[in-house]
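Biologist: Could you take a close look at one part of this model for me, going from the backbone to the surroundings? I would like a single connected account, with the cut-offs behind each term.

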Amino acid sequence: MQNARTITRPVKGDEGIRATDAARPFVHVLADSSDKLAGVCSILEQQFTVAGERLDAEAKLSQVPFAIVIRAELRDTGTIAAIKKRAAKLAKATKRIFLVEHSSHTTISQAYALGATFVLPGTINKIKLLAALADPAEPSSASSGNTPQRDNAVETAATAIASMFTAVTLGAPLDVDGTKEAGRQIADRITEHGLSEWLTTVRRHHEGTYQHCLLVTGVAIDFGLSLGVGRTDLERLYTAAMFHDIGKAQIPLAILDKPGRLDADERAMIETHPTAGYEFLKDHQKISPEILDAVRHHHEYLDGSGYPDALCGENINDIVRILTISDIFAALIEHRHYKPTMPRNEAYNILCGMSGKLEKALVTSFKEVALTR
């Protein structure tokens, strides 16, 4: 690393933030080089009060920022150690945005393990970074402590997904109990605040595969609640939803997050993820047969046109049928930076048009979840 250096704009020594800047949200930037630090600060300083420091400098953050933005190489053990030293201060920020240059499942998982609430992989993108920071902290909620509490379930669930992806890519132990607990917290959150609030919060914090898994879990939980399923079946449903795309940990991010249509080879690779997830989970004692079935078969259709086993009719169980509808709906309403978010009514109309593939009675029952909850 270069010599330790701190950039502070417009924080001055022990005087804190200048009065003229007090009305603007305070963002603290951490980076592993001066060039990276200056680059992020230059993007943010027109809209925010910005202070920054090198990760190899002594931590000097005194004020609690609205957001912390970290741009660093997460494959470097020294950098990881420096971020961990600041863990207590990181936890106080409403937003913790990691700019991950090396785009891989491993580095994204590492970012969430270090406390990220939002990860932007790839080359730094001014528009996406400002968009991630654009959602304002609501002073009335923040002062009462409600905002951090509302986002706990999102962060817990994102960390659980990161942990399972790490388990696949690095051969680390799989935390089944932690994943189930994350699902339970989502169920409690949706029971208290509703599905719409969950969808909005998830789309604000996450992109790509992580966003999709969180959306599917929330939709599946609310669908189960609307159907009046019992506590045991609800647990099966949210556990299946949390694990359903674990096989995507073996698919390159360049394919998973590709803008536009996939070519034939890319589509074929995507379609390996249910089997890959099943193979990874099948020998874990805490994964039940129902969960394995859901992971393997959530892309099967009643008419036999799905994959990987071309199941049809009665060979597809109820949890899988519910999960499949939730999965399709969540995929349609995902927020992607390269395309508009599809309105929920349009997504529901697409489900209604999948005659013969999805159970008609369930699609009808799903209408309230899709449009009003």
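**The loop between H15 and H16**

Modeller: Pro-308 lies in the loop between H15 and H16, where helices (H or I, at least four residues) are DSSP runs numbered from the N terminus. The model is predicted, with pLDDT of at least 70 required for local features and 80 or more for side-chain atom pairs, while totals for chains, interfaces and linings use all residues. Residues are numbered from 1 along each chain as its sequence is written, and side-chain values use heavy atoms, without hydrogens or water.

The peptide bond that joins Tyr-307 to Pro-308 is cis, with omega at about 10°. Ala-310 also lies in the loop between H15 and H16, and although Ala-310 is not a glycine, its phi is positive, at about 50°. As background, most peptide bonds are trans, and most residues other than glycine have a negative phi.

Turning to the helices on either side, H15 covers residues 289-297 and H16 covers residues 318-333, and the two pack with their axes 9 Å apart at an angle of about 40° (axes fitted to C-alpha atoms over the stretch in contact, angles from 0 to 180 degrees between N-to-C directions). The crossing of H15 past H16 is right-handed, the near helix being turned clockwise from the far one by less than a right angle. Asp-293, Ala-294 and His-297 of H15 make the contact with Val-320, Leu-323 and Thr-324 of H16, contact meaning heavy atoms within 4.5 Å. By class, the residues of this contact are 3 nonpolar, 2 polar and 1 charged (Asp, Glu, Lys and Arg are charged; Ala, Val, Leu, Ile, Met, Phe, Trp, Tyr, Cys and Pro nonpolar; the others polar).

H16 also gives the most to the lining of the largest pocket, with 5 residues. That pocket holds about 1100 Å³ of space (an open set of 1 Å grid points where a 1.4 Å probe fits, with protein on both sides within 12 Å along at least five of seven lines, lined by residues with an atom within 4 Å of a point; the volume is that filled by probe spheres on the points). Among the 30 lining residues, Leu-262, Arg-267, Ala-331, Glu-334 and Arg-336 are the closest to the pocket centre. Besides H16, the elements giving two or more residues to this lining are helices H10 (208-227), H12 (253-256) and H13 (264-270). The lining as a whole comprises 13 nonpolar, 8 polar and 9 charged residues.
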